[in-house]
Amino acid sequence: MIGNITPQMPDKLVACLRPGAPGLLLTAGADGYATSAYSWIVALDAGRLRFAVDEGGSTMANLLRNGQAALQIIGQGDVAFLVKGRARQLKPRLDAAAPYVIQLFEMEVIGAKDQSWPGVATNALSYVWPAGQREAMLAMEQSVYKEMRDSKT
């Protein structure tokens, strides 16, 4: 461990991500500047996680170009991490996300940086769906997390 950076995700982060959670996916554009996109994330274990990527956007182009990614995870309490690694496309389309075309990527973690501050609590990043779509979107989200966990490499 170097300072607050570990080569794998600590237990509290894995526990936060195992059932699935939203986060920010960070990639570097061809111009060298950072880009961000909301994503669904699940942890398989301390060294691997999976995330969702909309088809056709700059985030996908960045991932396909160099495979470098970072995920910003903000959970309830004192969960605030930046996780870096190499990503590869695992599945071209998550069936549970239909009619949206969302791809599944898997990341091999190379580092997890604890960004929490002692004594400071955070609120988890979350989606607030419109009332008329809430139940359907929550059901889809849970189905997407399940497919992300269960997809074979």
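Trainee: Does Ser151 count as buried or exposed, and why?

Mentor: Please bear in mind that this is a predicted model. Ser151 counts as buried, because its relative accessibility is 13% and the cut-off for buried is under 20%. If residues up to four places away in sequence are left aside, Ser151 touches Arg50, Lys91 and Leu104.

Let us now turn to the chain around this residue. Three helices and seven strands make up its elements, and along the sequence they follow the pattern β-α-β-β-β-α-β-β-β-α. The chain is as compact as a globular protein of its length, because its radius of gyration of 15 Å is close to the 15 Å that the globule rule gives for 153 residues. Along the principal axes, the C-alpha atoms fill a box of roughly 45 × 35 × 30 Å.

Ser151 counts as buried, and 41% of the 153 residues of the chain do so. Among contacts with a separation of 6 or more, 68% join residues 24 or more positions apart. The accessible surface of the chain is about 8,200 Å², and carbon and sulfur atoms account for 57% of that area. Finally, the chain has 15 positive and 14 negative charges, whose mean positions are 3 Å apart.

How values were computed
Residues numbered from 1 in each chain as written. Predicted model: local features only at pLDDT ≥ 70, side-chain atom pairs only at ≥ 80, totals over all residues. Heavy atoms only, no water. Helix = DSSP H or I, 4+ residues; strand = E, 2+ residues; numbered from the N terminus. Rg over C-alpha atoms; globule rule 2.2 N^0.38 Å. Buried < 20%, exposed > 50% of the residue type's maximum accessible area, 1.4 Å probe, protein only. Contact = heavy atoms within 4.5 Å. Areas by Shrake-Rupley, 256 points an atom, 1.4 Å probe, with all protein chains shown as cover. Lys, Arg positive; Asp, Glu negative; His and termini not counted. Charge placed at Lys NZ, Arg CZ, Asp CG, Glu CD.
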